[in-house]
Amino acid sequence: MTMPDPHAAASNQAALAWAHSARFALTASRLHELPEAGLPETAFVGRSNAGKSSAINALAQHKRLAFASKTPGRTQHINLFHVGPRDAPDAIWVDLPGYGFAAVEREAKKRWQAVVADYLVQRHSLAGLVMLVDARLGFTELDRQLLGYLWPRLASGEVKLLVLLTKADKVARRDAQRALDMAQRVLAELASEHSDIGVTLFSAHSGQGVDDVALTLHSWAAQHSAQPPA
Ligand SMILES: Nc1nc2c(ncn2[C@@H]2O[C@H](COP(=O)(O)OP(=O)(O)OP(=O)(O)O)[C@@H](O)[C@H]2O)c(=O)[nH]1
Ligand SMILES: [Mg+2]
C-alpha cells in the first residue's frame, strides 16, 4: 500500500485553488490591443473544436468562462484570463481561435491565422503553450506545422509545451494508451537539451488530467515569478 504524500496533496490543492481563480480579463482582435508584456502568458492552441475553451472552463471550474460551443470556429478573438491573487494576478491564460476549420470564410481565416501566428512567434510574454489535440485524431498536419514553426522558442526552453490529448472520455482505454504512445514519439523528435515538453490525456467532461494540468500550469507561473525581472 502506498501512503498519500501530504506535501503532494497540499500542492495539488494549491494548484487547483490557483486554477479556480481564473477570471476574464480582456478580449483583443489585434495584437496591438494586448496589454504590454508583463505577466507570463500560457496560450491554449489547437484545431478548432479540439476543446480549448472547454479545457479552460474545466481548469477554472467554471461553466462559461471561456465560450465553448459545438459550432467549430466559436472563439474568434484572443481572450485573456487573469489567474492568481485577485489584486495581484501572477499569470495570464490566453484562449486563441482554433485553426483548420474549413467553413470559416477564407479571408477571415487567413487574417486569424496571421494574428495567431504573430502572437505565438512575437509575443515576449508567451511562456507556455498548451496544445490541445483530439485523442481520436492525433496530431494533424496543422498541429505539426505549428510545432515546427515554434521550434526555436520550444527548443531553447523559452516557451514550455504541454500537449493535452483531449476528449479522452470518448476513447477506450487501449486506444487512449496508443494515442499517448504516438504523441510521445512525435514529441520526442522535438525534444532538446533545454526544452520542457509534456503530454497527458485529458477530458473536460470527466475531469481526467485536470489536476495534473493545474499543477503544471501553476509550476510554470511559480517558476516565472521566481526569476528576477530581465
Ligand atoms: N466528450 C467530450 N467533449 C468535449 C470535451 N471537451 C470539449 N468537448 C466538446 O467539443 C466541442 C468543442 O469544444 P470547445 O471547447 O468549444 O473547442 P475549442 O477548441 O475552443 O473550439 P474553437 O473555439 O472553435 O477553436 C464542444 O461541443 C464541447 O462540449 C471533452 O473532454 N469530452
Ligand atoms: Mg474556443
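User: What percentage of the 230 residues in the chain is buried?
Analyst: A residue counts as buried if 20 or more other C-beta atoms, placed from the backbone, lie within 10 Å of its own, as exposed if 12 or fewer do, and as partly exposed in between. This is a predicted model, in which local features need pLDDT of at least 70 and side-chain atom pairs pLDDT 80 or more, while totals for chains, interfaces and linings use all residues. Residues are numbered from 1 along each chain as written, and chains are lettered from A and ligands numbered from 1 in the order written. In this chain of 230 residues, the buried share is 38%.

User: Where is T140?
Analyst: Helices (H or I, at least four residues) and strands (E, at least two) are DSSP runs, numbered from the N terminus. T140 has 16 other C-beta atoms within 10 Å, so T140 is partly exposed. Its place is the loop between β5 (126–134) and α4 (141–149).

User: Which residues is T140 in contact with, leaving aside neighbours within four places in sequence?
Analyst: Two residues are in contact if their C-beta atoms, placed from the backbone, lie within 7 Å. R47 is 93 residues from T140 in sequence, yet 8.4 Å away in space, C-alpha to C-alpha. With those neighbours left aside, the contacts of T140 are R47 and G100.

User: Which residues of α4 are buried?
Analyst: The face turned away from the buried side of α4 carries the exposed residues E141, Q145 and G148. The buried ones pack against β2 (41–46), β5, α5 (151–155) and α6 (173–190). They are D143, L146 and L147.
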